[in-house]
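Visitor: I'd like a close look at one part of this model, please. Could you take me through it slowly?

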Amino acid sequence: MLHIYEANASPEALKEICAGLEEEGILYSIFSKTSADVKTLAFDAANHSKLRVGIGIAVSTAALQIRNCPIDKPVFLIDSDYRALGTNAGRAVKGGVFV
């Protein structure tokens with residue numbers, strides 16, 4: 001299951017990320033955290049997910065991270081187009097091409 005770690009996430013952003021994951025057929029769990037650093041959230045989510053991919057979202061900034069990538073260099077760091085981030089996370093799990 002892919003982990004999403006959120007801290008005061010925008011409900012709309014979270015909804016769109018989840019929709020992108022669902023379109024790719026990826027199961028996910030959402031965990032509320034206190035850290036507001038989106039890179040740390042994504043890094044921790046990737047390292048705790050059995051799928052080796054994680055998403056962090058704090059307020060309206062989201063990051064996609066893959067395990068073993070440096071904490072300061074997430075695969076994606078965005079503040080819009082949340083559905084594409086969810087889709088890309090699903091494709092990272094499946095080994096597909098990013099949109």
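Leaving aside its neighbours within four places in sequence, which residues is isoleucine 17 in contact with?

Guide: Happy to, keeping in mind that this is a predicted model. Beyond its neighbours within four places in sequence, isoleucine 17 is in contact with Ile4, Ile55, Ile57, Ala62, Tyr82, Arg83, Leu85 and Gly86. Now step back to the core around that side chain. The largest nonpolar core has 18 residues, and Ile17 is listed with Leu2, Ile4, Leu21, Ile55 and Ile57 as having the most contacts inside it. At least two residues of this core come from each of strand E1 (2–7), helix H1 (11–23), strand E3 (53–58), strand E4 (61–66) and helix H3 (82–94). Helix H1 gives the most, with 5 residues. There is also a second, separate core of 8 residues, and among its members are Val38, Leu41, Ala58 and Ala63.

Tyrosine 5 belongs to strand E1 and phenylalanine 31 to strand E2 (residues 28–32), so to speak a link between distant parts of the chain, 26 residues apart. Tyrosine 5 is buried, at 6% relative accessible area, whereas phenylalanine 31 is partly exposed, at 31%.

Definitions and conventions
Residues numbered from 1 in each chain as written. Predicted model: local features only at pLDDT ≥ 70, side-chain atom pairs only at ≥ 80, totals over all residues. Heavy atoms only, no water. Core = buried A, V, L, I, M, F, W, Y, C linked by side-chain atoms within 4.5 Å. Buried < 20%, exposed > 50% of the residue type's maximum accessible area, 1.4 Å probe, protein only. Helix = DSSP H or I, 4+ residues; strand = E, 2+ residues; numbered from the N terminus. Contact = heavy atoms within 4.5 Å.
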